[in-house]
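Hello,

Here is the structure I promised to pass on to you. Have a look at it first, and then read on for what I found.

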Amino acid sequence: TLAQWPAAIRFAYTLNPMAGIVQAYRTVLYHGAAPDLAVLGASTAVTLLIGAVGVRTFWLQERSFADLI
């Protein structure tokens, strides 16, 4: 389980947005319990943050990279 991993590895694992979704599916399918909404919320937050950074980077680089292609 995730609780057995060292704290540094757990933190890096939770930065992956799919980790929370996979964990939620495991909770529902294997344990028959409701998924942890905090984990799903964290996955959503990380996804939105990565998306916002990606969109901003695209907008900043859009003018220059079209000339390179």
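In which helix is the place of Ser 43? Ser 43 belongs to helix α3, which covers residues 37–68. Please keep in mind that this is a predicted model.

Is Ser 43 buried or exposed? Ser 43 is buried, because its relative accessibility is 7% and the cut-off for buried is under 20%. Setting aside neighbours within four places in sequence, Ser 43 is in contact with Pro 17, Gly 20 and Ile 21.

Gly 41 also lies in helix α3. Gly 41 counts as partly exposed, at 37% relative accessibility. Between Gly 41 and Ile 21 there are 20 residues' distance along the chain, and their C-alpha atoms are separated by 9.9 Å.

That brings us to the helix of Ile 21, which is α2, residues 17–31. Some things to look at there:

- Helix α2 has 15 residues, and from its first C-alpha to its last it reaches 21 Å, close to the 21 Å expected at 1.5 Å a residue.
- Just after α2 comes Gly 32, with a positive phi of about 65°.

Which residues of α2 are buried? They are Pro 17, Ala 19, Gly 20 and Ala 24.

Ile 21, by comparison, is partly exposed, with a relative accessible area of 35%. Ile 21 is also part of a nonpolar patch on the surface, together with Met 18, Val 22, Tyr 25, Val 28, Leu 29 and Tyr 30. The patch has about 750 Å² of accessible area in total.

One more residue of α2 to look at is Arg 26. Arg 26 is partly exposed, at 45% relative accessibility. Leaving aside neighbours within four places in sequence, Arg 26 is in contact with Tyr 13 and His 31. Arg 26 and Thr 44 are 18 residues apart in sequence, and their C-alpha atoms are 18 Å apart in space.

Conventions
Residues numbered from 1 in each chain as written. Predicted model: local features only at pLDDT ≥ 70, side-chain atom pairs only at ≥ 80, totals over all residues. Heavy atoms only, no water. Patch = residues over 30% accessible without salt bridge, like charges linked within 9 Å, V, L, I, M, F, W, Y side chains within 5 Å. Areas by Shrake-Rupley, 256 points an atom, 1.4 Å probe, with all protein chains shown as cover. Salt bridge = Lys/Arg side-chain N within 4 Å of Asp/Glu carboxyl O. Helix = DSSP H or I, 4+ residues; strand = E, 2+ residues; numbered from the N terminus. Buried < 20%, exposed > 50% of the residue type's maximum accessible area, 1.4 Å probe, protein only. Expected span 1.5 Å × (residues − 1). Contact = heavy atoms within 4.5 Å.
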